[in-house]
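User: I would like to see how the labels used for a structure follow from its numbers. Please show it, and I will ask about the terms.

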Amino acid sequence: MIIATTGVCFAIGGAALIAGSVLSFYLWQVMLRNRKKRIIADAETEAEVIKKEKILQAKERFLQLKAEHEKVINERNNRIGQSENRIKQKELALSQKLEETQRRKSEADSLKENLSQQMELLEKKSEEVSKLHRQKVEQLETVSGLSAEEAKNQLIE
């Protein structure tokens, strides 16, 4: 019976060993699953923190780039504004010169017209004077009975 009890003990011991191994394997798997879940949860939490940090860094970089861009745009707009002001001043100066030139041209035209009228008047008066001179010379010739040439020759003698 001792042999049978030893065999049963071995069988019970073997069964206990197998049951213990299965139980230990099961518990080990549960612990590994829990540890795996905890590691994944920690990794997800860390990933979320890193993600938030990266988003924050990206936003900061975006704001920095935006500020730099706005500064460049403002400088460019200022240069354009200054150029526009210079162009407007040049346009104003040119329009003033053009007005002055037109004014001088109109003055010159009116002076030319005035001179033309005076020349016509002068020519008319000159014609009248010549006509009157001829009439007076004819009158003198008639009165004196001598021609202008004869009277001239007499005076020279």
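Analyst: Start with Arg104, which is exposed in this predicted model. Its relative accessible area is 54%.

User: Why is Arg104 called exposed?

Analyst: Exposed means over 50% relative accessible area. Arg104 has 54%, so the label applies.

User: What makes Glu100 and Arg104 a salt bridge?

Analyst: The cut-off is a side-chain nitrogen of Lys or Arg within 4 Å of a carboxyl oxygen of Asp or Glu. For Glu100 and Arg104 the closest N and O atoms are 3.1 Å apart, so the pair qualifies. The two residues are 4 residues apart in helix H1, and therefore about one helical turn separates them.

User: Is Glu100 exposed or partly exposed?

Analyst: Glu100 is partly exposed, at 29% relative accessible area. Buried would need under 20% and exposed over 50%, so 29% falls in between.

User: How do you know that Arg103 and Glu107 form a salt bridge?

Analyst: Their N to O distance is 2.4 Å, and the limit is 4 Å, so the pair counts. Both lie in helix H1, 4 residues apart. Arg103 is partly exposed at 37% relative accessibility, and Glu107 is partly exposed at 40%.

User: Which residues are linked in a network of salt bridges?

Analyst: Glu100, Arg103, Arg104 and Glu107 are linked in this way. A search of the whole structure finds 4 salt bridges. One of them joins Asp109 to Lys105, with the closest N and O atoms 3.3 Å apart. Asp109 is partly exposed at 39% relative accessibility, while Lys105 is exposed at 54%.

User: What makes Glu127 part of a patch of negative charge?

Analyst: Glu127 gathers with Glu113, Glu120, Glu123 and Glu128 on the surface. Patch residues need over 30% relative accessible area and no salt bridge, and like charges are joined within 9 Å. Glu127 has 55%, so it passes the accessibility cut-off. Glu127 is found in helix H1, which covers residues 2-144.

User: What share of the residues counts as buried?

Analyst: Of the 157 residues, 0% count as buried.

Key. Residues are numbered from 1 along each chain as its sequence is written. This is a predicted model: local features need pLDDT of at least 70, side-chain atom pairs count only at pLDDT 80 or more; totals for chains, interfaces and linings use all residues. Side-chain values use heavy atoms; hydrogens and water are left out. Patches are made of residues with over 30% relative accessible area and no salt bridge: like charges are joined within 9 Å, nonpolar side chains (Val, Leu, Ile, Met, Phe, Trp, Tyr) within 5 Å. Accessible areas come from the Shrake-Rupley method with a 1.4 Å probe; for residues, only the protein chains shown count as cover. Lys and Arg count as positive and Asp and Glu as negative; His and the chain ends are not counted. The place of a charge is taken as NZ of Lys, CZ of Arg, CG of Asp or CD of Glu. Buried means under 20% relative accessible area, exposed over 50%, partly exposed in between (1.4 Å probe, protein chains only).
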